[in-house]
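Here's a quick tour for anyone meeting this structure for the first time.

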Amino acid sequence: MREEGAGLNETLERPAVLRLLPDLRGARAVDLGCGDGSLCRELVDRGAAEVTGVDPSARMLDLAHQRTSEGQVTYIQAFAEDFVARASSVDTVVSSLVLHYLSSDGFKAVIRAVASWLRPGGSVVVSMEHPAKTASLGAEPTLRNYADEGPKSTHWFTDGVVKHHSTLATICGSFHEAGLTITQVLEPMPTVALVRARPDLAVHRQTPPILVLKAQRGA
Ligand SMILES: C[S@@+](CC[C@H](N)C(=O)[O-])C[C@H]1O[C@@H](n2cnc3c(N)ncnc32)[C@H](O)[C@@H]1O
């Protein structure tokens, strides 16, 4: 998916996620919805001692196994909603371009679970489709129906892909209710100079495509 979506993801989303990562030296990390494991490998490159990649797709995990030689990474086939880690045992949780597939109840439950896995002072970095995008799925590419939270069906390489729209207030509220403090927020969009070189990215100055949040458990 990431390869097919190259451009937006590689140019805007991944750099924003990497910018928000904490110091990972010696860290225990979990990647929810790890796909082919590219972010797991990046965490190891940055010094993580143990990384658990979680994804429900056998196909993606096959790819992940083929592409990963780093012994620090373990893959587990599970939905984020079903994965369990020991309380206070994880330094960093990441999740890149996954959480918009969860219902709002699933999202809240996962953020609550993440808060319980994090050690005091640990942090979570997530990227997701921006609510300004998920609001309008299935409609014209202008912001519409922002108040209508819930599942929306769209075409994403194939018809009938369901993504879930939550407002920014609901997303941030889920972190707050879980006892996490949001410490950084990014809305990566292409600069004017980048659009000059890559006119295909101009559309992402009209509507922010991605929301990236970092939140922390109190020390
Ligand atoms: C757009 S890909 C992103 C993969 C990877 N995080 C990356 O950035 O390269 C979305 C991934 O989310 C996984 N996924 C979908 N629903 C999920 C869920 N409920 N829990 C965990 N992963 C899920 C898919 O199998 C897929 O690998």
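In this predicted model, Glu129 and Lys163 join their side chains in a salt bridge, with 2.7 Å from N to O. Glu129 sits in strand E5 (residues 118-129) and Lys163 in strand E7 (residues 161-165), so the pair ties together parts that are 34 residues apart in sequence. Both Glu129 and Lys163 are buried.

**Other salt bridges**
- The structure has eight salt bridges.
- Arg67 and Asp36 form one of them, at 2.6 Å from N to O. Arg67 belongs to helix H3 (residues 58-67) and Asp36 to the loop between strand E1 (28-32) and H2, so this pair links parts that are 31 residues apart in sequence.
- Asp36 counts as buried at 14% relative accessibility, while Arg67 is partly exposed at 33%.
- Arg198 and Asp200 also pair up, at 2.8 Å from N to O. Arg198 is partly exposed at 28% relative accessible area, and Asp200 is partly exposed at 48%.
- Shared partners join Asp36, Arg41 and Arg67 into one salt-bridge network.

**Helix packing**
- H4 (residues 104-117) packs against H6 (residues 168-177) at about 35 degrees, with axes 8 Å apart, and the crossing is right-handed. Among the residues in contact are Phe107 and Ile111 of H4 and Ile171 and Phe175 of H6. The contact residues split into four nonpolar, two polar and two charged.
- H1 (residues 8-20) and H2 (residues 38-45) pack at about 35 degrees too, with their axes 12 Å apart. Arg14, Val17 and Leu18 of H1 meet Ser38, Leu39 and Glu42 of H2.

How values were computed
Residues are numbered from 1 along each chain as its sequence is written. This is a predicted model: local features need pLDDT of at least 70, side-chain atom pairs count only at pLDDT 80 or more; totals for chains, interfaces and linings use all residues. Side-chain values use heavy atoms; hydrogens and water are left out. Axes are lines fitted to C-alpha atoms, for helices over the stretch in contact, and angles run from 0 to 180 degrees between N-to-C directions. Helices (H or I, at least four residues) and strands (E, at least two) are DSSP runs, numbered from the N terminus. Contact means heavy atoms within 4.5 Å. A crossing is left-handed if the near helix is turned anticlockwise from the far one by less than a right angle, and right-handed if clockwise. Ala, Val, Leu, Ile, Met, Phe, Trp, Tyr, Cys and Pro count as nonpolar, Asp, Glu, Lys and Arg as charged, and the others, Gly among them, as polar. A salt bridge is a side-chain nitrogen of Lys or Arg within 4 Å of a carboxyl oxygen of Asp or Glu. Buried means under 20% relative accessible area, exposed over 50%, partly exposed in between (1.4 Å probe, protein chains only).
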